[in-house]
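Let's take a walk through a protein model together. Have a look at it first, then read on.

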Amino acid sequence: MKTESIFKLTFWKAVAIILIAAGLYSVVFRFAFGLGAATNLNDAFPWGIWIGFDILCGVGLAAGGFTICAVAHIFNIKKFEPLARPAVLTAFLGYILVVCGLLADLGKPWHLFNAIVMWNFHSVMFEVAWCVMLYTTVLFLEFAPVILERFRLNKLLMIMRRVSIPIMMLGILLSTLHQSSLGSLFLIVPTKMYPLWYSPILPVHFYLSAIGTGLAMVIFEAYTSARAFNHGLKLELLSSVGKISNVMLIIAVAVRFIDLAILNKLNYLLISSSETYMFYLELFIGTVVPVYLLSQKKFRESRKWLYISALFVIGGFLLNRINVSITSLTGSANYNYFPSVYEISITLMLVTIGMVAFRLITQNFPVFEELHEGEEESEALHGREAILSE
Amino acid sequence: MVKQKGILYDSTMCVGCGECYNACKAQNKLAKTNSDPLRDHLSAETYTVVEQYDDKYTRKMCMHCQSPTCASVCPVGAIVKTELGPVTYDPNKCLGCRYCMQACPHRIPRYEWSSRDPRIRKCIMCYDRVKNGQPTACSEACPTGATLFGDLDDLKAEAKRRLKENPDTYYQHIYGLEEAGGSNVLILASVPFEKLGFAANLPKEALPNYTGRVLEKLPGVVGVGAAFLTGMYWLTDRKNKIAKEKQQEGKK
């Protein structure tokens, strides 16, 4: 471990420390004085950014984990294999932070255990809770080989590799359920939600948009960590990830507009209201710009533009989840919700912890090993190929 | 089969005296929140209110739906529809996720926002009294008979009789008979219900069906998904192996 470099203070480290300290203060404040004092939520508007951002976006951005696993290990397109580890790590950290966000948001988090023993199959929240618990476990198992490799626990490693395919399949199924179920959460409010976002196939929209965004996250991580560690970047590989992401964006937007047309809601696109403008903003940032960029070879194969495209995809996705969970509900609640400083600072803390943890882990564990260009392949990699080809 | 209980509130008979409000506060040991019952609103300490719209009064309270949205969304089953009709809440199960508040089409459940151990708060139709064969505190306190407690079937018949016998007095609709799948609280009024602050856009279908339609497909999704993934893995793995064998044969 590179302990000496941890204690060297840099600008970004100072920012991270301040954000985490502020977040911890907010956590103490929230539990000391209750949700009313810490948030801008009220009886008319019971869900804010801890649900809309920390949970909906956190889970969505983790979608790269199951998407890359499916492409690399189930569809056996081996060239994507090097991307699987960073994607799984992001997903794992993402899910842990989602749980942390949930603990802040729940009024009685000490009753969380009840979700395991008291079952209500009619509740989407019940499905969500189980998916979070099971998929976090699966993600840990998917990431475990990296830890085992680091500490050279070869026997355990062999066992893990034998069960890795069923575990990945389980992970893909759980993700499919979980990504879509976050959309299903809102099926129950047909009369409260703004028509441009409400749809009986909201779970399908959530699933499709998560795949495109998960892939954009893979590009984002590879680019930022390549910058941070001066690693080489397999641009050709990331360009093809961008290509798949683009296809998913086009499919997702097509399904949305066909759905709007079938539900006879296209007229809402012409109504002048803040909801309509937010819808167009989401469409512009998350679909129009990235599809324009990713559809052209010169942008897709440029390091900088590929990264910028990924940022747009992610930004549009965040806006979509915020629109579904907040914008679309403000009208009927007659309350213009804006998060409090405590809500914002806990959210920023979680994002910061995620980034710091990702960096520390990638620095000390063989996460990006397989992505480095020109570096010798590790022994472990040879070991895996031998086992897989048995 | 137990006969379901219910409440019929006829707003045309209401004089806005606030006796139901006071009786409810006393029965449920709720803190005083306003000196004038007509100027209060539902809160963690107020299960029912009397609202004034010009010269008309109306009560707001939990509708005790036949198929309660709040109970269906609760991940731990802290909210339940009892056999007698009242929809009750158990704070010892509650996680505090507030999905019931988000989901309720009538916007009824309230939260103890300032508490460190917050509960959901709403009218539970005086379940302890009803269980013992007593009427609710509000209906017992009502001096004009605007709030009636009784068997739900009788109340439905009574509401229909009133609409039919006095067509000029009533707006011809029983609020709660069909809204969101129907409820155990029925309301009559002389004007359209949106003029009294009621949600007028509720579907007749119970809202839990909206998620039910998706949830019932999940076992299929999992089955087909598992088969697809296994099939894909088998196919692509085999393809890779054959390609490898051919490569090796070529070398020989």
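How do H3(A) and H15(A) lie relative to each other, roughly parallel or roughly antiparallel? The axes of helix H3 (residues 49-61) and helix H15 (residues 341-364) of chain A come within 10 Å and cross at roughly 10 degrees, and they are therefore roughly parallel. Angles under 35 degrees count as roughly parallel and those over 145 as roughly antiparallel. Axes here are lines fitted to C-alpha atoms over the stretch in contact, with angles from 0 to 180 degrees between N-to-C directions. Where they meet, Ile49(A), Trp50(A), Phe53(A) and Asp54(A) of H3(A) touch Glu343(A), Thr347(A) and Leu350(A) of H15(A); contact means C-beta atoms, placed from the backbone, within 7 Å.

This is a predicted model, where local features need pLDDT of at least 70 and side-chain atom pairs 80 or more, while totals for chains, interfaces and linings use all residues. Residues are numbered from 1 along each chain as written, with chains lettered from A and ligands numbered from 1 in written order. Helices are DSSP runs (H or I, at least four residues), numbered from the N terminus.

Now find H12(A), residues 274-294. At 1.5 Å a residue (times one less than the number of residues), its 21 residues should span 30 Å, and the 29 Å between its end C-alpha atoms agrees. Its buried residues include Met278(A), Phe279(A) and Glu282(A); buried means 20 or more other C-beta atoms within 10 Å of a residue's own. The buried residues of H12(A) pack against helices H11 (235-262), H13 (297-300) and H14 (303-333) of chain A.

Technical notes: Helices (H or I, at least four residues) and strands (E, at least two) are DSSP runs, numbered from the N terminus. A residue is buried if 20 or more other C-beta atoms lie within 10 Å of its own, exposed if 12 or fewer, and partly exposed in between; C-beta atoms are placed from the backbone. Two residues are in contact if their C-beta atoms, placed from the backbone, lie within 7 Å. Angles under 35 degrees count as roughly parallel, over 145 as roughly antiparallel, 65 to 115 as roughly perpendicular and the rest as oblique.
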